[in-house]
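The tour goes from one stop to the next.

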Amino acid sequence: MTKKLFIKTYGCQMNVYDTERMVDVMAHEGYQVIDTPDEADLVVLNTCHIREKAAEKVYSDIGRLRVMKEKRRKAGAKDSILAVGGCVAQAEGAEIHRRAPVVDMVFGPQTYHRLPEMTRAADKSKSAGDRPRIVDTDLAVSEKFAALSKKAVAAKKTAFLTVQEGCDKFCTYCVVPYTRGGEFSRSFEDVMADAVKLNEAGVLEVTLLGQNVNAYHGHDVSGTEWSLARLIRHLAEVTDFKRIRYTTSHPHDMTDELIAVHGDVAECMPYLHLPVQAGSDRIVKAMNRHHTVAAYLKTIEDIRAVRSDIALSGDFIVGFPGETDADFQATMDLVRQVNYAQAYSFMYSERPGTPAAGWDDQVESHVKSERLAELQEELNRQQRAFNDNSVGQTLPVLLERTGKEASHLVGRSPYMQAVYVDVGDGALAEQYFGKLVDMKIISAGPRSLKGEFVG
Ligand code: SF4
């Protein structure tokens, strides 16, 4: 009998990937995904710890689910199982059961492959009150990938493929090394087995994922080490992927070998997300970023030399402890110099357990807001200019989903811009859905482009 599964995903692409894998493993248990938690047999919160007050937001969601469960119980329906997974679960562990006894299972990012057995154990109990309190926050990554690789994958045109997880960089503001564990690269054979499986299922665009994806250094059975650059070249050679992307990269690991790939592997898309966080060496050092501003700019120069049209994206944190006006202006200078196609920017917020959270030179919140507004104005201007520049060009677009309006098909340009086309009736939608099509860009907005079919 089909059971119903609801998963709420918070945060980054890695969590989106993890959610997809949870859906895969639970499909084998007879679970089908639904869009709301009300009728779900299993509710999973796949949490993220990267933003301020992340745990508090999870607890308020749990509060709402508690009310929903109570209503179901009063209506005589079977009680749903409530699970909290992801990075908040890893960080909080059993504390979640203490603060929210309504939660049945707590599991971390490295143990969700055991979701079927945890769910079966919870499901066996006669009543919700008898359920065992399950906490599984082991950090043994390799076991997870070995278990997941055996499962079939859903047929889609774009897919994420995790090749690396965790991080050893220990930026002073970041929780990832504590919640995802140390850096781990999957073996070459495991990655290739998953890649071939995705390709055979019809995937045209694959995004290789990792917290520090360009630090990938998986080994093959002979013990030879594979860099990300070599892996991309091999994928381009032996699979039919039309597009290969990778994210997120660290400036320190942006090797000449990887830069060269952008120049001579056509499948490697001309888009690079390369976070720098700040434009002042003093702040970059305090963040423990393992690179200098000059080294970052040199990488940008080198990559533009091999691929002049590359679209650059970045992450910025404003108001890091100790950031002066001059430091912030150095960030603005860097942004003007690089000229981004898009970027993500945030005010610094303390994340419990990280070194910078305890520093006493925190920047006042109104200063952070003013700086963020100034930075975002410039980044928005750059993004708009990049999009405007696409008007009149013909770009290949992979039409992979319907838009907000039923007659719209939406896809991505090589530069990661969202492109939509009005297909009118259903016949055209059917003809073009899931296809990589040349489109003429006829107008641009701040966040998307409008295209029409060529010819
Ligand atoms: S490189 Fe820094 S910001 Fe990125 S995951 Fe590692 S510690 Fe976090």
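**Backbone stops, then the ligand**

Select threonine 248 in the loop between β13 (243–247) and α10 (256–264). Helices here are DSSP runs of H or I with at least four residues, strands are runs of E with at least two, and both are numbered from the N terminus. Look at the bond between threonine 247 and threonine 248: the peptide is cis, with omega about 0 degrees.

A note before moving on: this is a predicted model, where local features need pLDDT of at least 70, side-chain atom pairs count only at pLDDT 80 or more, and totals for chains, interfaces and linings use all residues. Residue numbers start from 1 along each chain as its sequence is written.

Next, go to histidine 290, in the loop between α11 (281–286) and α12 (293–306). Its phi is positive, about 65 degrees, although histidine 290 is not a glycine. Histidine 290 is partly exposed, with 16 other C-beta atoms within 10 Å. (Buried means 20 or more other C-beta atoms within 10 Å of a residue's own, exposed means 12 or fewer, and partly exposed lies in between; C-beta atoms are placed from the backbone.)

Now select methionine 416, in the loop between β18 (408–412) and β19 (418–422). Here too is a non-glycine with positive phi, about 75 degrees. Methionine 416 has 17 other C-beta atoms within 10 Å and is partly exposed.

Last stop: the ligand. Which residues are around the ligand? Select Cys167, Lys169, Phe170, Cys171, Cys174, Val176, Pro177, Gln211, Asn212 and His250. Each has its C-beta atom, placed from the backbone, within 6 Å of the molecule. Color this shell by class: 6 are nonpolar, 3 polar and 1 charged. (Ala, Val, Leu, Ile, Met, Phe, Trp, Tyr, Cys and Pro count as nonpolar; Asp, Glu, Lys and Arg as charged; the others, Gly among them, as polar.)
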